Amino acid sequence: MNDDKQRPTEEGAGETPSALTRRQALMGAGLVGLVVSGGGALAACSSDSQPNANGSAGPQPEGPQPDPSRRELGGQPIYDAQPLDTATILPPLRDRVLALKSLLIGAGVLTEDRVNMYIDIYQNKVGPQLGKAVVAHAWKDPAFFNAITQPPPQKPFAATGVIADFLQKSLGLPPLPGFRFGPEGEWLRVVANGKDAATGQRVHNMVACTVCSCYPQALLGAQPIWYKSQQYRARSVRAPRGVMAEFAEAQGPAMVAKLKTYLASIDEVRVWDSNSEARFLVIPEMPPQYKGLSEQGLVQRITRNSMVGVEIL
Amino acid sequence: MDGPQNVIQGFEGYNEIPDKDQPENAPWPEDWEGAMSAVFSLILGVPNAQKPYPLRLNLDMLRWYRETMHPRNYMNISYYELWLLAVCFYLSQSGSGGITKEQLTGGGGAIPIVSPQELDRAGDIRGIGIHQAVPGFSRPDKDGKFSSTEYTEGKASKPKYQAGQRVATVLQASAGHTREYQYFRGRPGVIDAVYPVAVPDPKKGTGSGVYESGYADIASRGLQEYYIPIYSVRYAATDIWGADYAEPDTALYADAWETYVTPQGAAQ
C-alpha cells in the first residue's frame with residue numbers, strides 16, 4: 001500500500017488492463033471526473049490494445065502506455081502514472097466507499113437499512129417524473145403556472161408548498177416529516193422559458209451549480225454525471241448557448257436546426273448558479289404541437305434535460 | 001476556500017461535457033456511487049462526540065471539507081471522492097460513532113479509506129480558516145466565534161435592501177468556506193429578488209416560503225449560526241466576462257448573502 005513505485009491495485013488485479021472496461025480502469029485510479037466519453041458514454045469502452053487475429057488482446061508492451069483518448073488530461077499518461085513521492089497509494093474508490101459505509105454501520109452511525117432505503121428512493125421513487133408532472137400541470141393550468149412562477153415577493157419559495165400540495169394530492173406522494181416537500185426541494189424557485197411576465201422578453205433559463213452539484217433533487221432526483229462535471233460547471237455560466245449546442249449535436253442534425261431557430265427567437269438567456277440552498281426548476285416552452293395532449297401525454301414528452309435548461313423540447 | 005472548485009467558472013480549456021446521454025432514471029451506474037451519496041446525506045445531523053463542533057454536521061461544513069483536497073488531486077479525481085474526504089475529515093474531528101483517524105487511514109489492517117496526509121491537510125486548512133474574517137464580520141475571537149453590531153447570533157435579521165437596488169459584491173480571499181465565488185466577486189449587479197430569512201422551526205420543519213438556512217460562511221465552521229437575508233443578484237454577462245468574451249444578451253444570477261454586497265447608488 002505504501003510502496004510509491006507500485007501502481008494502485010485495480011479490480012481484477014492480475015488481469016491485463018484490456019480485460020477491464022476503460023471506465024473500470026479509470027475508476028480504479030479515481031480518474032473518472034474529467035474523462036471525455038466517446039459515443040455512448042456508459043457502454044463499455046473498447047480496449048486500446050491491438051487485437052490478435054483471434055480477437056484477443058495482443059501482448060502488452062512494458063510499462064504504462066500512451067492512451068490517445070486521454071487528450072483531456074494533456075495526453076501525458078506517463079506523467080500521470082508516476083505518482084508524487086509524497087503520495088499515498090490508496091485502494092480503488094469503490095473499495096474505500098464500501099469500507100467507509102461498513103465502518104459507519106459498524107459504529108452504529110448508520111444502518112444498512114437506511115442506506116438501502118436512500119438508494120431505493122432515488123433509484124425508484126424520486127426522479128424526473130415528479131418534475132415532469134409539475135411542468136405538464138403548469139402548462140395546462142394557468143393558475144398553477146402563475147402560483148409557482150410568480151410567488152409573492154415576501155415568500156419567494158412559495159412554489160415549494162404549491163408543488164408539494166399538488167404532488168401529494170395528484171400522485172399520492174406521502175409528506176415527509178420535518179419537510180414541506182423534501183430534501184433539496186424546500187426552497188424552490190421555478191423559472192419559465194418563454195415570455196417573461198416582467199419584461200415581455202422571450203427568455204431561456206439554464207441552471208447550474210458551478211462549485212459542486214446543488215440540484216432540485218426533490219423534483220428531478222439524483223443529479224446526472226454531466227451536471228456534476230467540471231466541464232459543465234465551467235461552461236454553463238460562460239457559454240450557455242454553446243452548452244445547448246453541444247447537447248443538441250448529441251441528439252442529431254434535426255435538433256441542431258431546431259435549436260438554431262429557437263435561439264434566434266430568444267431575447268435573453270439567463271443562467272442561474274445555485275449557490276445558496278435555493279433550487280431552481282425550469283419550465284421549458286411547450287411545443288405548439290403538444291397543445292391537445294393530456295397531462296399524461298405531456299409527461300411522456302418532457303425531458304429531464306429540458307427542466308435543467310440544457311435542452312429544448 | 002478558494003481552489004479549483006470556485007475558479008473554473010468560465011474556463012475554456014476543457015473538452016466536451018461528458019456523459020450527456022446518461023439515462024434519466026439511472027443515477028448511479030455503479031452501486032457504490034449510490035452508497036456514497038447515501039452516506040454523506042444520511043450523516044447530516046448525526047450527533048457529535050467532541051467539543052470543537054457544537055453544531056451538528058451541516059452541508060456547509062461538508063462543502064468546506066471537500067475544498068481541502070489538494071488542487072492537483074481535485075482536478076483528477078471523481079466527484080464521489082470529494083465527499084469521501086469530507087465525511088472522513090468530519091469523522092476524524094468530531095468523534096461521531098467513536099470513529100478514529102486510525103480507523104480511517106488503514107490502522108489495524110483495515111483498508112485505508114483516506115490518506116493521513118489528506119486529513120492533516122484538511123486540519124491545517126481548518127486551523128487557518130477559522131481565524132479568518134468572513135464578509136460582513138471582522139475577524140473572530142480567539143475561539144473562532146464572531147460577533148456583530150448588525151446581526152445577532154441565532155436570530156433572523158430583516159433585509160436592508162430591495163429589489164432594483166444596484167450592488168457590487170465584496171472582495172475576499174480566505175481559507176474558509178464561502179458561497180461567493182471568484183467570478184462574481186467585486187462585480188456590479190442589480191438585486192432581482194429578496195429572500196427574507198427565518199430560523200428554521202424544529203417543530204414545524206422547513207418550507208414556509210422564506211429562506212430557512214444559516215449564513216454559509218459561518219455555519220461551515222460548525223460553531224455558530226447566523227440567519228442573514230439573501231439577494232438574488234442579476235449580472236450582465238458582459239460585466240462578468242467582458243463585452244468581447246461573453247455571449248450577447250446573457251444574464252447570470254447568483255445568490256448573495258447581504259454581507260456579500262454593498263449598495264451602489266440609488267435603487268433603479
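## Fold of chain B

Helices and strands here are DSSP runs, where a helix has at least four residues and a strand at least two. In this predicted model, chain B follows the order α-α-α-α-α-α-β-β-α-β-α-β-β along its sequence. That pattern comprises 8 helices and 5 strands. Chain B has a radius of gyration of 20 Å, close to the 18 Å that the globule rule gives for 268 residues, so chain B is as compact as a globular protein of that length.

Taken along the principal axes, the C-alpha atoms of chain B fill a box of roughly 65 × 45 × 35 Å. Of its 268 residues, 59% count as buried. Among contacts in chain B between residues at least 6 apart in sequence, 69% join residues at least 24 apart.

## Interface between chains A and B

The size of an interface is often given as the accessible area lost when the parts come together. For chain A and chain B, the buried area is about 9,000 Å², with 58% of it on carbon and sulfur atoms. A:Val211, A:Arg238 and A:Asn275 supply 9% of the area that chain A buries against chain B, more than any other three residues. Counted by residues, 105 of chain A are in contact with 98 of chain B.

## B:Asn6

B:Asn6 lies in the segment before α1 (31-42) of chain B. Its relative accessible area is 3%; buried means under 20%, so B:Asn6 is buried.

Leaving aside neighbours within four places in sequence, B:Asn6 is in contact with A:Val211 of the other chain, and with B:Met1, B:Tyr181, B:Gln182 and B:Arg185. A:Val211 is also one of the three residues named above for the area that chain A buries against chain B.

## A:Met255

A:Met255 is placed in helix α12 (residues 253-265) of chain A. With a relative accessibility of 14%, A:Met255 also falls under the 20% limit and therefore counts as buried.

A:Met255 and A:Leu313 are 58 residues apart in sequence, while their C-alpha atoms are 9.0 Å apart in space.

Note on methods
Residues numbered from 1 in each chain as written. Chains lettered and ligands numbered in written order. Predicted model: local features only at pLDDT ≥ 70, side-chain atom pairs only at ≥ 80, totals over all residues. Heavy atoms only, no water. Rg over C-alpha atoms; globule rule 2.2 N^0.38 Å. Buried < 20%, exposed > 50% of the residue type's maximum accessible area, 1.4 Å probe, protein only. Contact = heavy atoms within 4.5 Å. Buried area = accessible area lost by both parts, 1.4 Å probe.
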